[in-house]
Amino acid sequence: MTVMIEVESLSKTYVLHTQGGVEIPVFAGAALTVGTGECVTLHGPSGTGKSTLLRCLYGNCKPDSGAIRVRHGDTAVDIAAAAPRVVIEVRRRTLGYVSQFLRAIPRVPALDVVAEPLRALGVDAEAARVRAGELLSRLRIPERLWHLAPATFSGGEQQRVNIARGFAAKHPILLLDEPTASLDARNRAVVIDLIGEAKAEGTALVGVFHDDEVREAVSTRIHTMQG
Amino acid sequence: MTPLLQVSGLTRMYGNRVGCRDVSFELWPGEVMGIVGESGSGKSTLLSCLSARLEPTSGTVAYDTREDGLTDIYALSEPRRRLLMRTDWGIVHQNPRDGLRMGVSAGANVGERLMAVGARHYGAIRAEAGEWLRKVEIDAERIDDLPLTFSGGMLQRLQIARNLVTHPRLVFMDEPTGGLDVSVQARLLDLLRRLVIDLGLAAVVVTHDLAVTRLLAHRLMVMRRGEVVETGLTDQVLDDPHHPYTQLLVSSVLQP
Amino acid sequence: MTSAQGYNFAYLDEQTKRMIRRAILKAVAIPGYQVPFGSREMPLPYGWGTGGIQVTAAVLGPSDTLKVIDQGADDTTNAVSIRRFFARTAGVATTERTVEATVIQTRHRIPETPLREGQILVYQVPIPEPLRWLEPRETETRRMHALADYGAMHVKLYEDVARFGRIATTYDYPVLVNGRYLMRPSPIPKFDNPKMHMNPALQLFGAGREKRIYAVPPYTEVKSLDFEDHPFEVQRWDQACALCGAADSFLDEVVTDDRGGRMYVCSDTDHCSARQEIREAAE
């Protein structure tokens, strides 16, 4: 097993300047190591910073101190200190992320939303669409919706498009932020399968799952977070 | 690899008043940077300084020219600076009327930059102009129409075609979606986003619309009173703003 | 005709002529470049050839023979009055024959008879700036000239081809002089453009209202702008001149009655009459 993520003494406090400078400490001295083929679940009561940690891993949230070393090809990149263009490159090739909500881009059809991470890797348009179609089929998005922009989809449909997009490019690292929150049992099962396949292919996964069934089905290890 | 644009200590004063002060950054090929801030924050002054239209009071703007590598653009001779502006660069004005010749046809507007760099084959110029109209989703039949007959969104797309026809490497945009209807904005943004990706363009986009930056920009520079108060990856700055002003800016956006 | 009393030779005072000659020398040294000069009030309105007259006055000497044409004709009002003006103020010999003239002032034509070394052709110019139609700011057009930034000029030609399928500009057709300066040849028909190229005569251009003088020295390259796939070409006519039978001259359409009758005749009256004389002599 190769270490893919190594978080070291990470601290984060939100300072709300618009509300009189209130400080909300989230975590301090957090540490986490994730290797290939592992699915580590972040667990703990709400407010302990599960989502914040996940966002820090993706570079979406800027920690106050500490390091987040991510294995990117043959190099280790500290996401907490890297320049924006480096983070973008790491996201393109190494870091996948399934957020809680899909940020729909106006006018771009669902199929292209899912295919985009593959296109960014240089896969040709046709092959990328084929893979995107497979994922959308598995996640039960009817084909008549593929060529529509997801902005008008239901919450559950949007979330499934988002999941398909996250899994499309088979990034070596995949971060999952409550991907099954608004899914029914059948679609949950598909996500569990997808996670299982990713693990088998050596992907390092870190996730936050609100429901116990999914958590138990996918976790290789549970990382408990304390407030 | 060298950055496309290297800006250091850029300051522009208007008498005692600060236009922008001590701005430094590097822009790399293919990178899109958004500059946000409220009116009067110095973002337009900065854009003018960056795009060789307003000489800075101090500091340098170096561009990676094809011939000599990183060169201070204000040290270039005027012919070379002009050539740069019409070949390697594009400038998209907020008001398309500032960037177009309203009295000549759409085709001539797009073809002008080609003719300016020596194209002398009418058929080839026209074919290229038509191809660019298609890329910006303007009906090819409108090629001989005057821009006066175009809608606001079409004018802006025409301006974009006029700028991109010489395959620039760097495009400066000043509020490219300002003054357009929301639905027209969305279409334009999608178009810009696709062109930027397909052509590997680097761009500096000045806007006060944070949604525009989220769609277009890789990274963000937040300006206030002529100074840069926060920089970073676009989604990081918008989702986890640190500076009080950025937090105010982000929290002030109305969610539809 | 006797010289008018109380005027300096050729109307202008010597200081003014000196100033104009300096401008002319500079214009000759920089072919196609518009040299500003202190245009004087002349005893005729702007637009009637005040620029041309000042240039003519500055180059005219007592031994010169002057010819004045307007649209190719020696006998129109403008030509007659300017010719008489110099006959009275300078007492110079005048002629209607191109070959006899040493100085020819012209409005809107170049004579059909080829010019020779030693002759001076003076054009009357209404608007000297070729870039004016696309750039109204003088500061900017000057900068464009300084930088030879002429690409936009082709926009006008592009518009012609797009609209009419060919370059429809037929007069005042822009040229590039000596490979450097873009120049307006004054409103001559483009038929005459090729005559400017490598012409043995000195060509001077005077714009009185706009206060500019420019020049094409003898044997200077003058190229009409065009596209590779729409090359420059001159007008052609289906018929020959109804009076002299010339098939290679610039023809004017003359309406002869109220029933649609018309004929085509040479616009260059001297050329036409010379040909008629030769034909009559032969008969």
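Biologist: What should I know before I start?

Modeller: The model is predicted, so local features need pLDDT of at least 70 and side-chain atom pairs count only at pLDDT 80 or more, while totals for chains, interfaces and linings use all residues. Residues are numbered from 1 along each chain as its sequence is written, chains are lettered from A and ligands numbered from 1 in the order written, and side-chain values use heavy atoms, with hydrogens and water left out.

Biologist: Which pair of chains has the most contacts?

Modeller: Contact means heavy atoms within 4.5 Å. Two pairs of chains touch, and chains A and B have the most contacts. Chain A and chain C do not touch. Their nearest C-alpha atoms are 34 Å apart.

Biologist: How many residues are in contact between chain A and chain B, and how much area do they bury?

Modeller: Here 23 residues of chain A are in contact with 27 of chain B. Buried area is the accessible area (1.4 Å probe) that two parts lose on being put together, summed over both. For chains A and B that is about 2,000 Å², with 53% on carbon and sulfur atoms. K62(A), R85(A) and R107(A) supply 28% of the area that chain A buries against chain B, more than any other three residues.

Biologist: How many salt bridges cross the interface of chain A and chain B?

Modeller: A salt bridge is a side-chain nitrogen of Lys or Arg within 4 Å of a carboxyl oxygen of Asp or Glu. The rule finds five across this interface. One of them joins the side chains of R107(A) and D190(B), at 3.2 Å from N to O. Polar contacts are counted too: pairs of N or O atoms within 3.5 Å. Within protein, one atom must be able to donate a hydrogen and the other to accept it, and residues adjacent in sequence count only if both atoms are side-chain atoms. Between chains A and B, 14 residue pairs qualify, both residues at pLDDT 80 or more.

Biologist: Which element gives the largest share of the side of chain A that touches chain B?

Modeller: Helices (H or I, at least four residues) and strands (E, at least two) are DSSP runs, numbered from the N terminus. The largest share, five residues, comes from α2(A).

Biologist: What does chain C bring to chain B?

Modeller: 20 residues of chain C are in contact with 21 of chain B. The buried area is about 1,800 Å², and carbon and sulfur atoms give 59% of it. L147(C), V155(C) and Y158(C) supply 31% of what chain C buries against chain B, more than any other three residues. Four salt bridges are counted between chain C and chain B. R82(B) and E140(C) form a salt bridge through their side chains, at 3.0 Å from N to O. On the chain C side, α5(C) gives the largest share, six residues.

Biologist: What is the strand order in the open sheet of chain C?

Modeller: Strands of a sheet pair through backbone hydrogen bonds, either parallel or antiparallel. By the rule used here, two strands pair if DSSP finds at least two bridges between them. This open sheet has three strands, in the order β7-β6-β10 of chain C, with antiparallel pairing. β7 (181–183) and β10 (222–224) stand at the edges with a single partner each, so one side of each is left without a neighbour in the sheet.

Biologist: How many bridges join β6(C) to β10(C)?

Modeller: Three, with β6 covering residues 175–177. L176(C) has K223(C) as its bridge partner in β10(C).
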